[in-house]
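Please keep the sequence and the model at hand while reading.

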Amino acid sequence: MIKISAEVKALVPNLIALRRDLHRHPELGFQEVRTAGIVAERLGALGYTVRTGIGKTGVTGFLAGGKPGKTILIRADMDALPIQEETDVPWRSENPGVMHACGHDTHVAMALAAAEVLAKAAPSLSGNLYFVFQPAEEGASGAEAMLRDGVLEAVKPDAAIAIHTLTCWPAGTLAICDGAAMASADKLEITVTGTGGHGASPELAVDPVVAAAQIITALQTLVSRETPPLEAAILSITMLRAGTAFNIIPDTVEMTGTFRCFDPKVRERLMASLARTAEGIAAALRCTARVTDEFLTPAVLNDPAVTAIAREAAAGIVGADKVLAPPPLTGSEDASVFWEKVPGCYAFLGAAPADGSPGVSIHNARFDLDESALPIGVEFLVRAARRLLAS
Ligand SMILES: [Zn+2]
Ligand SMILES: [Zn+2]
C-alpha cells in the first residue's frame with residue numbers, strides 16, 4: 001500500500017501536465033531557457049527567493065521556514081539529450097533531434113511539486129529549503145558551472161537530496177544505495193606515435209597500429225590483474241582512429257575511452273597503471289604513447305546519516321520491502337560535485353511500465369516510463385526534506 005499525502009495527491013494533475021509539457025519541449029544542456037523560465041516563474045509564485053543565470057541556465061529557489069534550523073538542498077537536473085524520439089506517446093518531443101530520454105523532465109516536474117508542498121508547510125518548518133535546478137547534467141558539467149557561480153556560497157546547505165527516475169525497477173519502488181551510488185567518469189585519450197611507411201615494407205616503418213592493438217589488450221589486464229576482485233573498475237576503449245589507405249602504415253593511432261570506478265583510491269592507482277602500461281608497451285615496440293585524461297565527474301557517494309534518514313522516508317511511502325538497496329550504478333552523474341561539498345542522498349525512483357514489461361533504458365530513443373511513479377518521487381522529496389530538517 002503506497003502512502004501519498006493529500007497535498008501531493010492534489011497536485012498530480014498539474015504534475016503530469018507539467019512533465020508532459022517539458023517532455024514536448026526538451027532543451028539541450030545550457031540551452032534550457034524555456035525550462036528555466038518555467039522553473040523560475042513557478043518558484044517565484046510560491047514565494048521562493050529566485051536566482052537565475054547561475055551556471056548559465058541554472059535556477060535556485062530559497063525559502064526560509066517559520067523557525068530557524070538546517071538548510072536542505074533539493075537538486076534536479078533540467079537538460080535533455082541529442083536523440084530523435086521514437087516513441088508514439090502523444091506528448092513526444094516537438095524539438096527535432098532532442099529528447100528527454102533520461103527523465104530529467106520528471107525530475108523538474110517532481111521537484112517543482114515538492115517545492116509547492118513544502119512552501120505551503122514552510123511557516124511551520126524549522127529550517128530552510130534550497131531548490132537547485134541545474135543545467136547540462138549530460139556530460140557538460142552543469143553542476144560545476146553552478147558551483148563556479150557560487151551556488152553553495154550564497155546558501156550553505158546542511159544536507160542534500162535528489163532523485164533519478166529509472167526503468168530498471170517497477171513503479172512502486174524506490175532504490176537507495178548505501179555509500180557509492182554512481183561511478184566516477186574519466187575520458188581517456190591515448191595517442192600512439194610511430195613512423196609511417198609502406199604497408200609492404202614494415203621493417204622500414206615503426207608501426208603504431210600493432211602497438212595500439214597490444215596496448216588495448218594489455219589495458220584490460222589493469223582491471224582483471226591489478227584491481228582486487230571485489231573492487232569494481234571499468235576500462236573501455238571505445239574509439240580508434242588510424243590510417244588513410246590500405247597500403248600505408250600510419251604515423252599515429254588515436255584511441256579514446258572511458259574509465260569508471262567508485263573509489264578515488266582505485267582511480268588514482270589505475271590511472272597511474274594505465275600510463276605506465278601504454279607508455280611501456282609503446283616503448284617496447286619503438287613507439288611513444290601519450291596519455292591524457294579528463295576527469296569528468298567524481299563518484300556519487302551517499303552520506304550514511306542522510307541516507308539512513310532518506311531510507312526511513314522512503315519506507316514510510318512504499319514500505320520497507322519496496323525500498324531496494326542495489327549495488328551502485330556504473331553510469332555517472334555530476335550531482336557528485338554537490339555531494340562532495342554537502343552530505344547527500346541520491347535516490348532512484350522505479351518507473352518501469354505498469355504492464356510488467358521490462359522498461360526501455362534511459363538514453364534510448366524509445367525510452368518511456370510509468371507516470372504513476374511520479375507522485376511517489378514527489379512524496380519522497382517532501383518527506384525526506386522534512387525528516388532532514390527535523391534531524
Ligand atoms: Zn542521462
Ligand atoms: Zn539523467
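Which side chains does a polar contact of 2.7 Å join? The contact joins the side chains of D77 and H107; a polar contact is a pair of N or O atoms within 3.5 Å, where within protein one must be able to donate a hydrogen and the other to accept it, and residues adjacent in sequence count only if both atoms are side-chain atoms. This is a predicted model, in which local features need pLDDT of at least 70 and side-chain atom pairs count only at pLDDT 80 or more, while totals for chains, interfaces and linings use all residues. Residues are numbered from 1 along each chain as its sequence is written, chains are lettered from A and ligands numbered from 1 in the order in which they are written, and side-chain values use heavy atoms, with hydrogens and water left out.

**The zinc site**

- C102 (SG), H104 (NE2) and H164 (NE2) coordinate the zinc ion (ligand 2) at 2.1 to 2.4 Å; donors are N, O and S atoms within 2.8 Å of the metal (3.2 Å for Na, K and Ca), and the site may look incomplete because water is not among the atoms.
- The spacing of these donor residues in sequence is C-x1-H-x59-H.
- The zinc ion (ligand 2) and the zinc ion (ligand 1) lie 3.2 Å apart and are bridged by C102.
- C102 lies in the loop between strand 3 (67-77) and helix 3 (104-121), and H164 in strand 5 (residues 159-170), so the pair ties together parts that are 62 residues apart in sequence. Helices (H or I, at least four residues) and strands (E, at least two) are DSSP runs, numbered from the N terminus.
- C102 and H164 are both buried, where buried means under 20% relative accessible area, exposed over 50%, and partly exposed in between (1.4 Å probe, protein chains only).

**The surroundings of D77**

- D77 belongs to strand 3 and counts as buried because its relative accessibility is 0%.
- The side chain of D77 also makes a polar contact with that of H104, at 3.3 Å.
- Leaving aside residues up to four places away in sequence, D77 touches H104, H107, V108, Q134, E137 and E333, contact being heavy atoms within 4.5 Å.

**Positive phi values**

- Most residues other than glycine have a negative phi.
- F30 has a positive phi, near 65°; F30 sits in the loop between helix 1 (6-24) and helix 2 (33-45) and is partly exposed, with 23% relative accessibility.
- A136 has a positive phi near 50°; A136 is in the loop between strand 4 (126-134) and helix 4 (142-148) and is buried, at 0% relative accessibility.
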